[in-house]
Amino acid sequence: MEALKIKQDEIQIGRNIRQIRQARGMGQTELVRRLQLDGVAITRETLVKIERGIQHIQAVQLRGIRDALDTTYEELLK
């Protein structure tokens with residue numbers, strides 16, 4: 001089964017993730033570690049690409065990031 005991917009054309013999901021992550025004082029490595037501990041398959045390289053908007057984010061990754069950053073879908077998708 002192919003993972004659902006969310007395009008970043010209109011919505012700057014990656015930019016929003018980076019801003020929220022930085023506002024929480026969290027580095028990329030720490031976010032990836034939290035995601036991996038929660039069973040989300042992601043690497044730091046993948047997170048970098050997502051934050052730069054050059055890789056689509058999978059729905060499971062978005063949900064994990066939402067939870068790890070203690071934020072909402074609304075904040076991530078604005």
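Where is the place of Glu30? I looked this up first, and Glu30 is in helix H2. Here helices (H or I, at least four residues) and strands (E, at least two) are DSSP runs, numbered from the N terminus.

**Ground rules**

I noted that this is a predicted model, in which local features need pLDDT of at least 70, side-chain atom pairs count only at pLDDT 80 or more, and totals for chains, interfaces and linings use all residues. Residues are numbered from 1 along each chain as its sequence is written, and side-chain values use heavy atoms, with hydrogens and water left out.

**Glu30**

Glu30 counts as partly exposed, at 28% relative accessibility. I use buried for under 20% relative accessible area, exposed for over 50%, and partly exposed for values in between (1.4 Å probe, protein chains only). The side chain of Glu30 makes a polar contact of 2.8 Å with that of Arg34. For a polar contact I require a pair of N or O atoms within 3.5 Å; within protein, one must be able to donate a hydrogen and the other to accept it, and residues adjacent in sequence count only if both atoms are side-chain atoms. I also looked up Arg44, 14 residues from Glu30 along the chain: their C-alpha atoms are separated by 9.3 Å.

**The whole chain**

I stepped back to the overall layout. The protein has 5 helices and 2 strands, and from the N terminus on they run β-α-α-α-β-α-α. Of its 78 residues, 36% are buried. I then took the contacts (heavy atoms within 4.5 Å). Among those between residues at least 6 apart in sequence, 59% join residues at least 24 apart. The protein exposes about 5000 Å², and carbon and sulfur atoms supply 47% of that area. Accessible areas come from the Shrake-Rupley method with a 1.4 Å probe; for residues, only the protein chains shown count as cover.

**Helix H1**

Which residues of helix H1 are buried? In H1, residues 13-23, I found Ile13, Gly14, Asn16, Ile17, Ile20 and Arg21. Seen down the axis of H1, these buried residues fall within an arc of 160°, so they line one face of the helix. The arc is that of the directions from the helix axis to the C-beta atoms. As background, an α-helix has 3.6 residues a turn, so residues three or four places apart point the same way. After H1 comes Gly25, whose phi is positive, near 70°.

**The core**

Which residues touch the most other members of the largest nonpolar core? I read off Ile17 and Leu31, in a core of 17 residues. H1, helix H2 (28-37), H3 and helix H4 (59-68) each supply at least two residues of this core. A nonpolar core is a set of buried Ala, Val, Leu, Ile, Met, Phe, Trp, Tyr and Cys residues joined through side-chain atoms within 4.5 Å. Leaving aside neighbours within four places in sequence, I listed the contacts of Ile17, which include Leu31, Leu47, Ile50, Ile57, Ile65, Leu69 and Leu76. Glu51 is also in contact with Ile17.

**Arg21 and Glu51**

I followed Glu51 next. Glu51 is found in helix H3 and is buried, with a relative accessible area of 4%. Arg21 is buried too. Arg21 and Glu51 form a salt bridge, their closest N and O atoms being 2.7 Å apart. Arg21 lies in helix H1 and Glu51 in helix H3, so the pair ties together parts that are 30 residues apart in sequence. A salt bridge here is a side-chain nitrogen of Lys or Arg within 4 Å of a carboxyl oxygen of Asp or Glu. Not counting residues up to four places away in sequence, Glu51 touches Gly14, Arg15, Ile17, Arg18, Arg21 and Gln28.

**Other salt bridges**

How many salt bridges are there by this rule? The count comes to 4. One of them joins the side chains of Asp67 and Arg66 at 2.8 Å, N to O. Asp67 counts as partly exposed, at 45% relative accessibility. I also found Lys78 with Glu75, the closest N and O atoms being 3.3 Å apart. Lys78 is exposed, at 57% relative accessible area, whereas Glu75 is partly exposed, at 35%.

**Thr46**

Last, I looked up Thr46, which lies in helix H3 (residues 44-52). Thr46 is buried, with a relative accessible area of 16%. Apart from neighbours within four places in sequence, Thr46 is in contact with Gln55 and Gln61.
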